[in-house]
Amino acid sequence: MVLGTAHPAKFLDVMDEVLGGGVVEVPERLGILRDREKAVVEMSTSEREFHSWLRDFS
Amino acid sequence: MNQRFYSTKSPGDFVGVKEAVLRSLPADNGLYMPAVLGRLDQSFWEEWREMSMSEIGVAVAKHFFGGCVPGEVMERLVLDAVNFEVPLVAVGGESFVLELFHGPTLAFKDFGARFMARLMGWLTEGDEGELTVLVATSGDTGGAVASAFHGVEGTRVVILYPKGKVSGLQEKQLTTLGGNVTALEVDGTFDDCQRLVKSAFLDRELSEEMNLTSANSINISRLLPQSFYYFEAAKKLPEGELPVFVVPSGNFGNLTAGLLAEQMGLEVERFVAATNCNDVVPEYLSEGKYRPRASVATISNAMDVGAPSNFVRMGEIFGNEWEAMRGRVAGYGFGDDETKEVIGGVRDELGYVLDPHAAVGWLAAEKWGRGGGADGGVGNSSSGEIFGCDG
């Protein structure tokens with residue numbers, strides 16, 4: 001009994017290389033994300049900037 | 001009785017559930033383990049084959065946490081966390097794949113992350129201020145954690161990921177949830193993200209003011225729900241037939257969860273750890289020497305771990321006895337070429353698509369079937385072997 005830990009669609013690069021493109025389908029709940037807008041806060045690598053953002057974050 | 005937890009580095013000191021879960025990692029850098037973990041009550045074993053997985057989960061979680069969490073609360077947390085199917089799919093004649101990827105982010109991580117999120121939410125109910133969860137991610141973990149906490153009252157999540165270094169779909173998983181999930185796109189590397197998170201925890205004042213917690217993968221509350229599906233899978237076999245669990249392994253959380261299930265009374269024929277060329281545990285099983293090292297990159301990248309954090313827990317379970325561990329756990333490592341080959345072979349011959357991690361598991365299952373099990377008996381010299389890796 002083998003534990004299947006993740007859906008093959010999470011590794012499309014490898015799967016397509018081995019099986020050819022289009023064999024592994026991307027499940028809908030992953031696919032629909034493609035059209036959603038991303039929302040992020042841009043951050044530098046400065047600890048001071050990060051801490052100060054965190055303090056103001058509420 | 002209420003469960004208490006000790007750090008593997010100070011076995012005499014105990015903390016309660018709230019500290020163990022919210023802290024994730026003890027101050028002495030050990031790992032939390034339950035103080036007591038006996039067999040589930042007889043009433044459970046009379047009924048478990050007729051129970052659903054979430055019913056089993058409720059019983060197991062109540063047993064594991066003891067009176068730390070009231071029964072009706074635990075029931076609500078588990079039912080809400082584990083609300084998806086775990087099909088056991090027959091592939092070929094005698095083999096099965098237990099599909100753990102039908103949760104919201106399509107990976108087994110959904111079990112642990114969803115339960116931990118709900119438990120943390122409950123543990124901090126009534127506390128002043130919201131719980132702020134900080135996570136640095138190189139992709140996958142952040143998605144599972146974000147999804148797990150999304151909409152959990154009293155919590156909010158801040159995810160730090162390296163700009164341009166996660167895949168397109170992974171980025172969408174992190175950045176499109178909204179609500180109590182905020183994604184920080186850091187102009188740097190994954191290491192920078194980790195450094196920023198660490199620095200926030202080290203700033204005591206900030207850490208306390210913001211109720212910071214980490215959703216670390218070694219959190220004991222993330223491990224426990226991974227034991228549910230071992231019961232679920234075992235119950236689907238005919239009575240008297242014991243499962244051999246082949247577990248694709250990197251950090252060894254999944255395998256440790258299986259060992260916890262066994263400690264709680266589940267009968268298992270044997271555990272087989274399947275690794276890629278990051279094979280420190282198969283090597284340990286074979287030679288008795290544990291040599292953690294830097295990881296190497298493979299196509300089954302979730303298992304690219306050179307110093308598996310849960311190995312300490314496995315040692316603890318077996319009293320740090322090599323013979324005891326190899327009596328219950330076999331381990332095999334495999335290279336990328338064989339892994340690719342078996343993905344193609346199983347698809348062509350059996351019509352089933354294995355992902356790269358399950359494919360490593362499949363190779364280990366074949367190996368076990370040829371020598372470790374039917375022919376060779378248990379505890380023979382093939383407790384640990386490595387194939388197709390250099391060195």
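## Surroundings of Phe65(B)

Outside the four places on either side of it in sequence, Phe65(B) is in contact with Gln3(B), Val17(B) and Met74(B), where contact requires C-beta atoms, placed from the backbone, to lie within 7 Å. Phe65(B) belongs to helix α3 of chain B, residues 53–65; helices (H or I, at least four residues) and strands (E, at least two) are DSSP runs, numbered from the N terminus. The structure is a predicted model, in which local features need pLDDT of at least 70, side-chain atom pairs count only at pLDDT 80 or more, and totals for chains, interfaces and linings use all residues. Residues are numbered from 1 along each chain as its sequence is written, while chains are lettered from A and ligands numbered from 1 in the order in which they are written.

Phe65(B) is buried, because 21 other C-beta atoms lie within 10 Å. The classification calls a residue buried at 20 or more other C-beta atoms within 10 Å of its own, exposed at 12 or fewer, and partly exposed in between, with C-beta atoms placed from the backbone. Met1(B) is 64 residues from Phe65(B) along the chain, and their C-alpha atoms are separated by 8.9 Å.

## Surroundings of Thr155(B)

Thr155(B) lies in strand β7 of chain B, residues 155–162. Thr155(B) counts as buried because it has 23 C-beta neighbours inside 10 Å. Not counting residues up to four places away in sequence, Thr155(B) touches Ala117(B), Met120(B), Gly121(B), Glu130(B), Leu131(B), Val133(B), Phe149(B) and Asn180(B).

Val17(B), a contact of Phe65(B), is 138 residues from Thr155(B) in sequence and 18 Å away, C-alpha to C-alpha.

## Overall form of chain B

Chain B has 17 helices and 13 strands. Its radius of gyration is 20 Å, close to the 21 Å that the globule rule gives for 391 residues, so chain B is as compact as a globular protein of that length. The radius is taken over C-alpha atoms, and the rule is 2.2 Å times the number of residues to the power 0.38. Along the principal axes, the C-alpha atoms of chain B fill a box of roughly 60 × 50 × 40 Å.

Of the 391 residues of chain B, 51% count as buried. Among its contacts between residues at least 6 apart in sequence, 73% join residues at least 24 apart. Domain 1 of chain B spans 123–218 and domain 2 spans 242–391, with bounds from an automatic or database domain assignment. Their centres, taken over C-alpha atoms, are separated by 31 Å.

## Interface with chain A

In chain B, 54 residues are in contact with 36 residues of chain A. Of the elements of chain B, α17(B) gives the most to this side, with six residues. By class, the side of chain B that touches chain A has 32 nonpolar, twelve polar and ten charged residues. Here Ala, Val, Leu, Ile, Met, Phe, Trp, Tyr, Cys and Pro count as nonpolar, Asp, Glu, Lys and Arg as charged, and the others, Gly among them, as polar.

Strand β1 of chain A (residues 2–4) runs parallel to β5(B), to which three bridges join it; strands pair if DSSP finds at least two bridges between them. Leu98(B) in β5(B) is the bridge partner of Leu3(A).

## Confidence

The mean pLDDT, the predictor's confidence in each residue from 0 to 100, is 92 for chain B, with 96% of its residues reaching 70 or more. Residues 373–381 of chain B stay under 50, and the model has nine contacts for them beyond four places in sequence. Chain A averages 92, with 100% of the residues scoring at least 70. The predictor gives the complex an ipTM of 0.91 and a pTM of 0.92.

Definitions and conventions. Contact = placed C-beta atoms within 7 Å.
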